[in-house]
Amino acid sequence: MVQAAHDRIQHHPNIISASMIRGGWERWVQMDLCLTLKSAGYDVKCEEDCFEDKRLRCDLLIHHPPPSDSERPMSDRYLLPASTHSPICEYYDVVELKFQLMDESMEDFYNRFKKDIKKLLDNPLKEPLHNWTTQRWALGLS
């Protein structure tokens, strides 16, 4: 996945232009990552309202098929087999992306990144996401 993303950036003509627009680099990566994951078979939504607080959105909500029984954590392996169509077998990643702006200090970037982490940790997910196996990710790049 990392190599595919690297190759895509190397050959994408708009990456330089996007990096010059405030917030453009982050939005470009968000959309390109969304398209890359969709082409790999994932169900991906951008700017999804996945929190109970309707004012909040995540950058990416990724739904992926459940892992095989051997790949599942022991904590839910004994509950239901992977083939069972049940909320316990739905797997999601809630992702926040944060990229340092061209004119932004490292301290300011870090403070914005910490806000994303706090958003992920402090805000409950809306139903039915909070019942499913959901991981929360904050990805920052400076």
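1. Helices (H or I, at least four residues) and strands (E, at least two) are taken here as DSSP runs, numbered from the N terminus. On that basis the protein chain has five helices and four strands, and from the N terminus on they run α-α-α-β-β-α-β-α-β. A word on where this comes from: this is a predicted model, where local features need pLDDT of at least 70 and side-chain atom pairs count only at pLDDT 80 or more, while totals for chains, interfaces and linings use all residues. Residues are numbered from 1 along each chain as its sequence is written, and side-chain values use heavy atoms, with hydrogens and water left out.

2. Now the overall picture. Buried means under 20% relative accessible area, exposed over 50%, and partly exposed in between (1.4 Å probe, protein chains only). Of the 142 residues of the protein chain, 35% count as buried. Taking a contact as heavy atoms within 4.5 Å, residues 24 or more positions apart account for 54% of the contacts with a separation of 6 or more.

3. Next, how the strands pair up (two strands pair if DSSP finds at least two bridges between them). Strand S1, residues 43–48, runs antiparallel to S2 over five bridges, with Asp 43 opposite His 63 in S2. S2 and S3 are antiparallel too, over five bridges; here Leu 61 faces Val 94 of S3, and His 63 has Tyr 92 as its bridge partner in S3. S3 and S4 pair in the parallel sense over nine bridges, and in S4 the partner of Tyr 92 is Thr 134.

4. Nine of its nine residues are buried, so the strand is largely enclosed by the rest of the structure. In a regular strand the side chains alternate between the two faces of the sheet. In S3, Tyr 91, Asp 93, Val 95, Leu 97 and Phe 99 point one way, while Tyr 92, Val 94, Glu 96 and Lys 98 point the other way. Note that the buried set includes Asp 93, Glu 96 and Lys 98. S2 is mostly covered as well, with six of its seven residues buried.

5. On to the cores. A nonpolar core is a set of buried Ala, Val, Leu, Ile, Met, Phe, Trp, Tyr and Cys residues joined through side-chain atoms within 4.5 Å. The largest one has 11 residues: Cys 50, Phe 51, Leu 56, Cys 58, Leu 61, Tyr 92, Val 94, Leu 120, Leu 125, Leu 129 and Trp 132. S2 (58–64) and S3 (91–99) each supply at least two residues of this core. Apart from it lies another core, of 10 residues, among them Trp 28, Leu 60, Leu 97 and Phe 99. In soluble globular proteins, nonpolar side chains tend to be buried together.

6. Helix H5 is worth a check on its geometry. The expected span of a helix is 1.5 Å times one less than its number of residues. For the 17 residues of H5 that should give 24 Å, and its end C-alpha atoms are 24 Å apart, which agrees.

7. Which residues of H5 are buried? They are Phe 109, Phe 113, Asp 116, Lys 119 and Leu 120. Seen down the axis, the buried residues of H5 fall within an arc of 110° (taken from the directions from the helix axis to the C-beta atoms), so they line one face of the helix. These buried residues pack against S3 and strand S4 (133–141). On the other side of H5, Glu 107, Lys 115, Lys 118 and Leu 121 are exposed.

8. A search of the whole structure finds one aromatic pair. The ring centres of Phe 109 and Phe 113 are 6.2 Å apart and their planes lie at 15°, so the pair is stacked. The cut-offs: rings of Phe, Tyr and Trp (its six-membered ring) pair if their centres lie within 6.5 Å, with planes under 30 degrees apart counted as stacked, over 60 as edge-to-face and the rest as tilted. Both residues lie in H5 (residues 106–122), four residues apart, about one turn of the helix. Phe 109 is buried at 6% relative accessible area, and Phe 113 counts as buried at 16%.

9. Finally, two loops to look at. Glu 127, in the loop between H5 and S4, counts as exposed at 61% relative accessibility. Glu 127 and Glu 52 are 75 residues apart in sequence and 7.7 Å apart in space, C-alpha to C-alpha. Asp 53 sits in the loop between S1 and S2 and is partly exposed, at 23% relative accessibility. From Asp 53 to Leu 125 there are 72 residues in sequence and 8.3 Å in space, C-alpha to C-alpha.
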